[in-house]
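Welcome! Here is a short briefing to read alongside the structure. Take a moment to look it over before going on.

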Amino acid sequence: MATNYNNINELRSQKKLLKQEIKELEDILTFKSKKESLGVLTHGFTDKFLKETKDEDGDTSISLDTQNIMKEISSGIKESASKKNLLGLANDSVQSGLLENTIKMGVVALVGNFAKKSVMNKNWKRKLIGLGLVYVAPYALRFIHEKLDEYQKNKTTKSMEKLI
């Protein structure tokens, strides 16, 4: 298990190399450069989705690079659309959940923006509507989602019965 060394100089040089390697690893993991450290931990996956910004004090912070994220999404959609027709894209995206997730995010954004504007309004009726949306909308959306799932299951069952 242990490595045998012929003289003390070999042992000292090996010790020096190990200390240097440990120092390099500590430099990476101390998050002096947060983006670089995350890049090392994720093997470069997060590099294109994060950007470092400097504020007025000179401090650096990490934020999401939304432009690059949208470019990645749009390029993926363009590649899918160029390979197949739009109906094929819709079928593929439904199977992968992309369409469902996009619709969910869109509905949440619309309801959230409307609720935010309503809560900030001076009219108390609009404020109540906004607060109602904040508390009631998740339950309503969950109910609608369950009903759509039931409808889809019924449709699938009927089409399977027709095939049999």
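Of the 164 residues in the chain, 9% are buried, where buried means under 20% relative accessible area, exposed over 50% and partly exposed in between (1.4 Å probe, protein chains only). This is a predicted model: local features need pLDDT of at least 70, side-chain atom pairs count only at pLDDT 80 or more, and totals for chains, interfaces and linings use all residues. Residues are numbered from 1 along each chain as its sequence is written, and side-chain values use heavy atoms, with hydrogens and water left out.

**The chain as a whole**

- The chain has 6 helices and 2 strands; helices (H or I, at least four residues) and strands (E, at least two) are DSSP runs, numbered from the N terminus.
- Along the sequence, these elements follow the pattern α-α-β-β-α-α-α-α.
- About 14,400 Å² of the chain is accessible surface, and 60% of that belongs to carbon and sulfur atoms; such areas come from the Shrake-Rupley method with a 1.4 Å probe, and for residues, only the protein chains shown count as cover.
- Among the contacts with a separation of 6 or more, 13% join residues 24 or more positions apart; contact means heavy atoms within 4.5 Å.

**Confidence**

- The chain has a mean pLDDT of 75, with 77% of its residues at 70 or more; pLDDT is the predictor's confidence in each residue, from 0 to 100.

**Helix α6**

- Helix α6 (residues 124-163) has 40 residues and reaches 56 Å from its first C-alpha to its last, close to the expected 58 Å, a span found as 1.5 Å times one less than the number of residues.
- At Val136, shortly before the proline Pro138, α6 has a kink of about 45°; the bend is the angle between axes fitted to the seven residues ending there and the seven starting there.
- At the start of α6, a side-chain oxygen of Asn123 comes to within 3.2 Å of the backbone nitrogen of Lys125.

- Ser118 sits in helix α5 (residues 98-120), and it counts as buried because its relative accessibility is 0%.
- Beyond its neighbours within four places in sequence, Ser118 is in contact with Arg126, Lys127 and Gly130.
- Ile129 belongs to helix α6 and, at 46% relative accessibility, counts as partly exposed.
- Ile129 and Ser118 are 11 residues apart along the chain, and their C-alpha atoms are separated by 6.8 Å.

Definitions and conventions. A polar contact is a pair of N or O atoms within 3.5 Å; within protein, one must be able to donate a hydrogen and the other to accept it, and residues adjacent in sequence count only if both atoms are side-chain atoms.
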